[in-house]
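Please look over the model below before reading the points. They are brief and can be checked against the picture.

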Amino acid sequence: MRHALYAALLAAIATPALAAPRSFDLDGEHYTYVAQRTAKGDVMLRGQAAGNDFNLRVYGDRVHGVVGLSQVSFQIPAQTVAQLAEEVPADAAAAPATLAAN
């Protein structure tokens, strides 16, 4: 069940970017975050939801990271991978980028 929620989180994050602040609501929780592409090409998502920090690394169709004190690992759909690639392009490795979804 938790993995389904995290997958929904990633799907919500990967929807087209809107104006700042970078945040969205999902299942009654408010999420804020920053996205950045690493030099290796992974997308790092750092933020907070329901008082818990999250730090997620997306590479390919896999997500690994920490939400609060819990380790998470799950797969995301190809559509979400494609949306993240478009929203945090490879040339974004040099500077942080922010994404938003509402």
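This is a predicted model: local features need pLDDT of at least 70, side-chain atom pairs count only at pLDDT 80 or more; totals for chains, interfaces and linings use all residues.

1. Residues are numbered from 1 along each chain as its sequence is written, and side-chain values use heavy atoms, leaving out hydrogens and water.

2. The protein chain has two helices and six strands, in the order α-β-β-β-β-β-β-α along the sequence. Helices (H or I, at least four residues) and strands (E, at least two) are DSSP runs, numbered from the N terminus.

3. Of the 102 residues in the protein chain, 36% are buried. Buried means under 20% relative accessible area, exposed over 50%, and partly exposed in between (1.4 Å probe, protein chains only).

4. In helix α2 (residues 78–87), the buried residues are Thr-80, Leu-84 and Glu-87. Seen down the axis of α2, they fall within an arc of 70 degrees, so they line one face of the helix; the arc is that of the directions from the helix axis to the C-beta atoms. Ala-78, Gln-79 and Glu-86 are exposed on the other side of α2.

5. How many salt bridges does a search of the whole structure find? The search finds one, where a salt bridge is a side-chain nitrogen of Lys or Arg within 4 Å of a carboxyl oxygen of Asp or Glu. Its partners are Arg-57 and Asp-42 (3.1 Å, N to O). Arg-57 lies in strand β4 and Asp-42 in the loop between β2 and β3, so the pair ties together parts that are 15 residues apart in sequence.

6. Asp-42 is buried, at 11% relative accessible area, whereas Arg-57 is partly exposed, at 32%.
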